[in-house]
Amino acid sequence: MTDAAPAPRTEAVRERYRSTLGAVPHGVEERLRLAGEFGRLPTEEALAALRHVVLADSPLGARVQQLVHFGQLLALGREEPARIHARGALHAGAGIADLIGVAETALITAGVPAYALGTGLIAELLPDRAGEIPVRR
């Protein structure tokens, strides 16, 4: 299903990411570029709709859902997605202390590598490293 107006549809997908993460990740931009070039935008629209249901309409609420994603990604050792969801958690109202709590839980459930990954990502979010991120303790 393609139509003559992919730009507004692509921007609608971007807006879904902005609403849950505060920004559009680089990987999403790349997928949207490929989807646009090869007529596969419906796949990205479906993925964005599913993510919206899971993240924004979750009974956990956006803040907790982002923290859960952060912890799961730490346990999997997925640095860049964990970074994205740490920022998403801050965007959803979590504080640095919340992120630290998740990293400490990852220490118990997934070991020192997950904890080290989490604390390293959290350190990047501190004001002296990324001044635009407000720190809520």
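1. Helices here are DSSP runs of H or I with at least four residues, strands are DSSP runs of E with at least two, and both are numbered from the N terminus. Read along the sequence, the protein chain then gives the pattern α-α-α-α-α-α-α. That is seven helices and zero strands.

2. A word on the basis. This is a predicted model, in which local features need pLDDT of at least 70, side-chain atom pairs count only at pLDDT 80 or more, and totals for chains, interfaces and linings use all residues. Residues are numbered from 1 along each chain as its sequence is written, and side-chain values use heavy atoms, with hydrogens and water left out.

3. Now the chain as a whole. Of its 137 residues, 34% count as buried (under 20% relative accessible area; exposed is over 50%, partly exposed in between; 1.4 Å probe, protein chains only). The accessible surface of the protein chain is about 7600 Å² (Shrake-Rupley method, 1.4 Å probe). Carbon and sulfur atoms hold 61% of that surface. Take the contacts (heavy atoms within 4.5 Å) with a separation of 6 or more: residues 24 or more positions apart account for 58% of them.

4. Look at Thr20 next. Thr20 sits in helix α1, residues 6-21. Its relative accessible area is 10%, so Thr20 is buried. Leaving aside neighbours within four places in sequence, Thr20 contacts Leu55, Ala56, Gln66, Gly88 and His91.

5. Gln66 is one of those partners. Gln66 belongs to helix α4, residues 61-76. Gln66 is buried because its relative accessible area is 2%. Not counting residues up to four places away in sequence, Gln66 touches Thr20, Leu21, Leu55, His85, Gly88, Ala89 and Ala92.

6. Last, the pairing of α1 with helix α3, residues 41-55. Their axes come within 10 Å and cross at roughly 25° (axes are lines fitted to C-alpha atoms, for helices over the stretch in contact; angles run from 0 to 180 degrees between N-to-C directions). Therefore α1 is roughly parallel to α3 (angles under 35 degrees). Residues of α1 that meet α3 include Val13, Tyr17, Thr20 and Leu21. On the α3 side, Leu47, Ala48, Arg51 and Leu55 are among them.

Definitions and conventions: Parallel < 35°, antiparallel > 145°, perpendicular 65-115°, else oblique.
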